[in-house]
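Subject: Structure handover

Hello,

Please find the structure below, followed by some notes on what was found in it.

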Amino acid sequence: MEEKVLIVKFGEVAMRGNNRHIFISQLVKTMRNNLDKEGDFYIVKEQGRLIVEDRGAEMDYDRVIPRIVPIFGLVGVCPGVKTTDQSMQNLREVALKHMQMFFGKEKTTFKVEVKRADKRFALTSKEVAADIGGYILERMDNLTVDVHNPAVTLRVELRNDAYVYSKVIKTFGGLPVGSSGKAVALLSGGIDSPVAAWMMAKRGIALECVYFHSPPYTSEWAKQKVEDLAEKIACFAGSIKLHIVPFTQVQLYLLEKVPHDKLTIFLKRAMMKTAEEIAKKSNALALITGDSIGQVASQTLQGIHAINSICTMPVLRPLAGMDKQEIVDLAKKIGTFEISIRPYEDCCTIFVAKHPETRPKTNVIEGIEKKLTELDDLINNAILQTEVIEK
């Protein structure tokens, strides 16, 4: 008996020693969450592999593979065939059928690689490879053998069952989401912050996001853009809670009370303080921002220091050493770029000073802030009115 399956490979997880089972369990949980939307699937844990089987029908690669590719912690997804019959004649037939399915008309070069988990198998790996390769070569005129640099490598793995596959669809690597704790990402409608959130999710961090909405100065379209960005990130990071904080009153208060060249610094301090309060309520351990050193006035080291001093928890800045083009390239790769460039501005853009200070002094900022007696109440009121959306 044979059936279509997916052979799923993981990378860093394999190096986790005694904790490996925890990471693999998290991977399986994420895979099940994604696959449950598509049908009835079974995930088998093999040594160094996860095997996905379709209980309900024949595996539809085109439908199922896109649900697995975005999952962090995986390095490759291979459409293949599982067979319980490990006789040489059956292995030959299964391998031939697989090659005809994927490379039936294409002129190309190939070789066969065999791995035997069970060393009691009668033939050696090289003998099995030579036998299967010769059988295929006799029956497919469009193929030639190249053992040194083949265009196609047909892989046969002899385990409890036999698995045959030739394509490896590369995935994003990283660690299973949630295996490194939880953090809150400050998500604007721009290019940078979604990429920063994605990068931290790739390192195993479960995400919640905070967006600061300022009607009527920012539109419902701007809000929708951020919701769409959160949904796109959720494809990789699992479900995400998006906290939409009404921030108009905080911004108008600061606009009236602080020097205009320092307005951006005070706005960002207020945002960080708000996000940290939300993070504490959510049992998150860090904040995430899309800051890139020197990219804008508030992202100088002096600006970052002045903003950071309001925080008591770590602030992760994965884009700190990247230039704008690197960030744009990654945004395009993960699918957030086209959403981010929609022409709807966020609150930071609307309220930005014409000539912002680039080297603010933290002690001066903190001194002015002490006189802002209504700020804490405005922030607390904004938190109480926060809307939470699940993506």
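Which residue in β11 is the bridge partner of K182? The bridge partner of K182 in β11 is A206. Before the rest, two points on conventions. This is a predicted model, in which local features need pLDDT of at least 70 and side-chain atom pairs count only at pLDDT 80 or more, while totals for chains, interfaces and linings use all residues. Residues are numbered from 1 along each chain as its sequence is written, and side-chain values use heavy atoms, with hydrogens and water left out.

Sheet

β10 and β11 run parallel and are joined by 5 bridges. (Strands are DSSP runs of E with at least two residues, and helices are runs of H or I with at least four, numbered from the N terminus; two strands pair if DSSP finds at least two bridges between them.) Strand β10 (residues 182–186) also pairs with β13 (residues 287–288) in the parallel sense, over 2 bridges. In that pairing, V184 stands opposite L287 of β13.

These strands belong to an open sheet of 6 strands with mixed pairing, in the order β14-β13-β10-β11-β12-β15. β14 (315–316) and β15 (387–390) are at the edges with a single partner strand each, so one side of each has no neighbour in the sheet. Strand β11 (residues 206–213) is mostly covered, with 7 of its 8 residues buried (buried is under 20% relative accessible area, exposed over 50%, partly exposed in between; 1.4 Å probe, protein chains only).

Pocket and cavity

The second largest pocket holds about 520 Å³ of space. It is lined by 25 residues, of which N33, A234, A237, G238 and S239 are the closest to its centre. α1 (20–35), α2 (61–68), β11 and α6 (220–237) each give two or more residues to this lining, and α1 has the largest share, 5 residues.

There is 1 cavity of 30 Å³ or more. The largest cavity has a volume of about 30 Å³, and its lining consists of E113, V114, K115, R155, V156, E157 and Y165. β5 (108–116) and β7 (152–158) each supply at least two of the lining residues.

On terms: on a 1 Å grid over the protein atoms alone, a cavity is a set of points where a 1.4 Å probe fits but cannot get out; a pocket is an open set with protein on both sides within 12 Å along at least five of seven lines; lining residues have an atom within 4 Å of a point. Volumes are the space filled by probe spheres set on the points, which are joined across faces, edges and corners.

Regards
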